[in-house]
Amino acid sequence: MNLIRRKSEKYLFYEALERRLVNTSTIKNTLQEALRKEGGGYAGELRVDREIEESDFFTSYILMKGLIVGNSTSYAQIDTFIIHEKFLLIIEVKNLPGIIKMDNQLHQITRQRDNGPVEGMRNPEDQLLRSERFVRKFLSFHNIPMPVHGLIVFSNPSSVLEKPFSKKSAIHVSGLHQTLESLHLMYADHLYPKFEPRKIQLLFTQHEFELNPYKPSHILSKVNTEILQGVLCPQCINKLLIYRNKFWRCSQCNYKNAEEHRQALKEYRSLLSHKVSTKEWMKFSGIRSVSTASRMLQKSNLFIDGTFKNRTYVIPRDL
Ligand SMILES: [Zn+2]
């Protein structure tokens with residue numbers, strides 16, 4: 001269940017890359033910029049979560065975060081999905097500092113920061129309408145005549161929305177409570193049919209699937225020789241740990257932990273592959289004993305793939 005706000009695959013990728021890229025890499029600056037952007041987006045989503053969770057209506061909601069609707073070839077990922085007994089609300093969160101203008105006729109959105117140049121951006125409305133289409137299709141397939149609403153929330157406290165804004169509901173995060181209030185007023189009439197939020201949630205959850213890790217080949221091909229292998233010390237920079245007597249140990253700061261390979265496996269998933277064999281793990285981690293490496297993988301809550309002879313392990317997202 002996605003009740004916890006998880007980081008996007010993209011964010012996980014950049015975080016893993018930052019941790020493992022050698023300091024001399026030429027893409028350090030690009031990487032910092034990407035991390036700032038992804039980090040900002042994530043912080044914005046958390047801000048919207050907080051706003052909803054602190055509202056009076058929260059107890060009547062089931063909140064799904066990062067819900068995936070559709071199939072593996074065509075899907076929409078919804079930042080925040082509110083299930084109420086009378087309606088569904090799709091929230092698309094945008095973290096854009098600066099002055100934002102939405103032009104309906106030209107169907108575009110522009111943003112200007114600190115008197116800098118005016119930048120054109122992808123209209124978040126397209127994404128929202130796409131999500132709405134996926135949800136409506138899903139509901140009609142399952143014969144659930146529930147009303148669906150959509151909302152774009154600009155989550156950055158310093159973003160300024162310039163009037164006139166879109167026809168479609170697009171608001172600043174500070175107005176979220178009020179928007180929810182008017183939605184509830186609209187459904188106050190007892191004539192609206194009621195559904196069971198738990199059942200609706202279960203149905204969406206049952207049809208979700210796991211996305212593959214984000215693997216941008218234009219970046220990976222550039223940096224594949226600059227990625228550090230091994231299990232890294234969380235306290236020292238670029239320092240490899242050595243596995244001895246059931247513990248990962250740092251010779252520099254004396255850090256010691258039996259489970260540090262889990263973090264390395266997560267990063268392996270983000271940067272190299274979501275599948276790993278014992279042989280590949282030995283090469284990556286520096287462990288020389290087949291039985292030690294194999295036992296470690298077996299005990300790490302991975303999914304087994306393939307037969308005994310060419311067995312690989314699938315590293316899940318939430319390791
Ligand atoms: Zn250390």
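**Exercise A: a residue in a helix**

Which helix holds arginine 130, and is this residue buried or exposed, or partly exposed?

*Solution.* Start with the place in the chain: arginine 130 belongs to helix H3, residues 124-141. Helices here are DSSP runs of H or I with at least four residues, strands are runs of E with at least two, and both are numbered from the N terminus. Please keep in mind that this is a predicted model, in which local features need pLDDT of at least 70 and side-chain atom pairs count only at pLDDT 80 or more, while totals for chains, interfaces and linings use all residues. Residue numbers start from 1 along each chain as its sequence is written.

Next, count neighbours. A residue is buried if 20 or more other C-beta atoms lie within 10 Å of its own, exposed if 12 or fewer, and partly exposed in between, with C-beta atoms placed from the backbone. Arginine 130 has 15 C-beta neighbours inside 10 Å, so it counts as partly exposed.

Finally, look across the chain: glutamine 77 is 53 residues from arginine 130 in sequence, yet their C-alpha atoms are 9.7 Å apart.

**Exercise B: a residue in a strand**

Work out how isoleucine 152 is classed by its C-beta neighbours, and list what it touches.

*Solution.* Locate the residue: isoleucine 152 sits in strand S7, residues 148-154.

Leaving aside residues up to four places away in sequence, isoleucine 152 touches Glu92, Lys94, Pro124, Glu125, Leu128, Ser169 and Ala170. A further distance to check is the one to isoleucine 171, which is 19 residues away in sequence and 6.2 Å away from C-alpha to C-alpha.

**Exercise C: building a sheet**

In what order do the 4 strands of the open sheet with mixed pairing stand?

*Solution.* Recall the background: strands of a sheet pair through backbone hydrogen bonds, either parallel or antiparallel. Two strands count as paired if DSSP finds at least two bridges between them. Now take the pairs in turn:

- S4 (residues 98-103) and S8 (residues 159-161) run parallel, joined by 3 bridges. Here isoleucine 100 has leucine 161 as its bridge partner in S8.
- S4 and S5 (residues 108-112) run antiparallel, joined by 5 bridges. On this side, isoleucine 100 is partnered by arginine 111.
- S5 and S6 are antiparallel over 4 bridges, with isoleucine 109 facing methionine 121 of S6 as its bridge partner.

Putting the pairs together gives the order S6-S5-S4-S8. S6 (118-121) and S8 are the edges: each has a single partner strand, so one side of each lacks a neighbour in the sheet. From one strand to the next, the twist averages 25°.

One more detail belongs to the hairpin of S4 and S5: 4 residues lie between the strands, and among them you can look up histidine 107, whose phi is positive, near 55°.

At what angle do H8 and H9 pack, and which residues meet?

*Solution.* H8 (residues 278-285) and H9 (residues 290-298) pack at about 105°, with axes 9 Å apart. Angles under 35 degrees count as roughly parallel, over 145 as roughly antiparallel, 65 to 115 as roughly perpendicular and the rest as oblique. H8 and H9 are therefore roughly perpendicular.

Now list the residues: from H8 come Thr278, Trp281, Met282 and Ser285, and from H9 come Val290, Ala293, Ser294 and Leu297. By type, this contact has 5 nonpolar, 3 polar and no charged residues. In this scheme Ala, Val, Leu, Ile, Met, Phe, Trp, Tyr, Cys and Pro are nonpolar, Asp, Glu, Lys and Arg charged, and the others, Gly among them, polar.

To finish, turn to helix H7 (residues 261-271): 8 of its 11 residues are buried, so H7 is largely enclosed by the rest of the structure. Its buried residues include Leu265, Tyr268 and Leu271, and what covers them includes H1 (9-20), H8 and H9.

Terms used:
Axes are lines fitted to C-alpha atoms, for helices over the stretch in contact, and angles run from 0 to 180 degrees between N-to-C directions. Two residues are in contact if their C-beta atoms, placed from the backbone, lie within 7 Å.
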